[in-house]
Amino acid sequence: MSSGGEKSSATTKTPADFLKSIRGRPVVVKLNSGVDYRGILACLDGYMNIAMEQTEEYVNGQLKNKYGDAFIRGNNVLYISTSKRTLADGA
């Protein structure tokens with residue numbers, strides 16, 4: 001029975017591993033309010049406070065604003081996802 005558990009644990013990544021691996025990459029941050037922020041993940045902390053660069057704000061899928069740098073307080077974050085396309089493709 002233990003052979004199945006050993007195999008899956010060798011390839012398992014923790015959420016912390018995922019967050020470390022996406023620093024410096026394009027991400028989508030969805031807020032509890034439904035607003036999306038897309039940009040480059042600069043850094044984040046244990047409270048899920050997020051600093052982003054080249055940030056774009058989307059409301060209902062529509063681009064509403066562009067920011068150079070943005071800071072998002074962690075208690076507003078619903079999820080963080082890697083972006084499937086680069087910012088240059090979306091511009």
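A salt bridge is a side-chain nitrogen of Lys or Arg within 4 Å of a carboxyl oxygen of Asp or Glu; the structure holds three of them. The model is predicted, local features need pLDDT of at least 70, side-chain atom pairs count only at pLDDT 80 or more, and totals for chains, interfaces and linings use all residues. Residues are numbered from 1 along each chain as its sequence is written, and side-chain values use heavy atoms, with hydrogens and water left out.

View 1. Strands are DSSP runs (E, at least two residues), numbered from the N terminus, and two strands pair if DSSP finds at least two bridges between them. S1 (residues 26–31) and S2 (residues 36–44) run antiparallel, joined by five bridges. Four residues lie between the two strands, and Gly34 in the turn has a positive phi of about 100°.

**View 2. The salt-bridge network at Asp36.** Lys30, Asp36 and Arg38 are linked in a network of salt bridges. Asp36 meets Lys30 at 3.5 Å, N to O, and Arg38 at 3.8 Å between the closest N and O atoms. Asp36 is buried at 13% relative accessibility (buried is under 20% relative accessible area, exposed over 50%, partly exposed in between; 1.4 Å probe, protein chains only). Lys30 is partly exposed at 22%.

**View 3. The salt bridge of Lys66 and Glu56.** The side chains of Lys66 and Glu56 meet at 3.9 Å, N to O. Lys66 lies in strand S4 (residues 62–72) and Glu56 in strand S3, so the pair ties together parts that are 10 residues apart in sequence. Lys66 is exposed, at 54%, whereas Glu56 is buried, at 11%.
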